[in-house]
Amino acid sequence: MIRPLKHKLNGGALYYAIVVILLLSLFSSGFILLNRIWFHENVLFLKNTELNDNLDSASEWLKIQPGLVASGEIKELDIFGDSSIVTIEAKKWGLLRLIKSSARWRSLNIRRTALYSCLNNNRPALYLADNNRFLSLVGKCVITGDCNLPVLGIREGEMDGGTFTGKKMIDGKISQSKNLLPELSPGLFKPFSGYWDKSFSATDSIVSITDLTRNPVSLVSFNSNTKVIDCGKNVCLQNISLSGNIIIVATDTITITSSVHLQDILVFANTIIVANEVHGVFQLFARHNISIGENCILRYPSFAFCRAKQTVAKITIGKNSIVSGGILIDSDSEHTGSNRLEMGEGSKLTGTVYVNGEVGFAGQINGSLYCNKFYIDTPRAYYENFLKDAVIDSKSTPAMFGSFAINDSPDKLKPVKLCL
Amino acid sequence: MFVIKGKSLTGGTIVEVVTGMFLISLGMALSIVVFSKTMDNSNLYVRHQAVNAVNELIVQQTKMMDFKPGETDTGDIRITCLSAPFAGNDSLQIVTWTASLISTGKQLYTRKLIKKVVE
């Protein structure tokens, strides 16, 4: 029988064993470290590049074929047919599209969130519904791009002793328009129409107006839940800075003053008043009226959307104000004649301007204009379907930026920005 | 004499220590060989050159919107650009850039992207 206590090791052997174990563990950790460095330096670098390339490729595909992932869908795309899987989630952010894409390899997960605008290939410079009236041009009118006009066509007009002084009435093809404007797709605004009635989404994080007092500066990522600020009935926004995935809602009126800094957010109310000299990027959604003051700059992509329910929808753009993105005026009822867009002198609009009503044109539009008729109200007379010193250009560079698609089936998507 | 805590080591222990040291130096030598071999095999330096060359070419071609198939030599590296039709959409193409060593033809780096067909 072996008696362990009899076979004692001497002290030297113990020291020797400890030193050898220590050295062996040093070597082992060295090799593990080397492997780790090698893994990080090489494999992760290559995989990181590959995943980013897959995301870029998916984005390129989606830009050309927007129907690939419809709004509200989540799809897994095998980009190259070799299990290069990219997961894409598309949804609406106002009149823009929010696309979240991700690609994964083991624990490496690369995500991208981006806003896209829509663009259709055949965009007219002007679509004027056929109301059995000529379109009369006065002064230095410049219309560049194809036009859809009433059957009576276009002519040189006369107003207060002035006539048409431009070089060419229309620089583009002329086609005949229909009695009604091309119909707006209900899908364009359906995902957001509930906010007017405060029917929030289940994933929304709803806070009251006191949150604005506590957090006047707020930035919410598009990868987290939407922050909805319920402002009650009326609110005047002052000295706040809101950016990202935020929606402001009020049942009656929201006033935005020049001390406010808004970036990418959505605003819902019955009436929205934007004071003079407001600068920012935001989308306005009103039921009755949107009034944009003088010298305002609503940078791209900003939108003003007014859709009346049994009332009249009206958007007023102040003198020298700029709205880059798009304008949309429509109503649920069939009486659209009184819907109105009033453009102040020197105002500039970029993108698609859709007015299911009449337009008091002054200034410039870089993009497409759809409307039922034009009006000019002077102290002497009221002129219908007259355009004076109007500039409409659907072929300029800003017109190519992208806006919203009336039929909600764009031919192309244009990347606007990468989001947090 | 080697003394630890006032105790003298026996001759057998010294042999063991020497053997241990020998084994350790053997291990170190082995690890150095393995390490240098690994580094050699990985061609880290050449691979980094290939990565930079391919990335630079992609940036240039994207700027010019020109993804014509062809070969470009940069130092010891040859970059081959190939394009293939994309099954999902006719107006897109799959462009592949492969960097390889001119001398051995060994592939160092590959990138693949979907790009718009330039008309």
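**The open sheet of chain A**

Guide: In chain A, 3 strands make up an open sheet in the order β9-β6-β30, with parallel pairing. This is a predicted model, in which local features need pLDDT of at least 70, side-chain atom pairs count only at pLDDT 80 or more, and totals for chains, interfaces and linings use all residues. Residues are numbered from 1 along each chain as its sequence is written, while chains are lettered from A and ligands numbered from 1 in the order in which they are written.

Visitor: Why do β9 and β30 of chain A stand at the edges?

Guide: β9 (154-156) and β30 (386-388) of chain A each have a single partner strand, so one side of each lacks a neighbour in the sheet.

Visitor: What radius of gyration does chain A have, against that of a compact globule?

Guide: The radius is taken over C-alpha atoms, and the globule rule is 2.2 Å times the number of residues to the power 0.38. For 420 residues a compact globule would have a value near 22 Å, but chain A has 30 Å. The C-alpha atoms of chain A fill a box of roughly 125 × 50 × 35 Å along the principal axes.

How values were computed. Pairing = 2+ DSSP bridges. Helix = DSSP H or I, 4+ residues; strand = E, 2+ residues; numbered from the N terminus.
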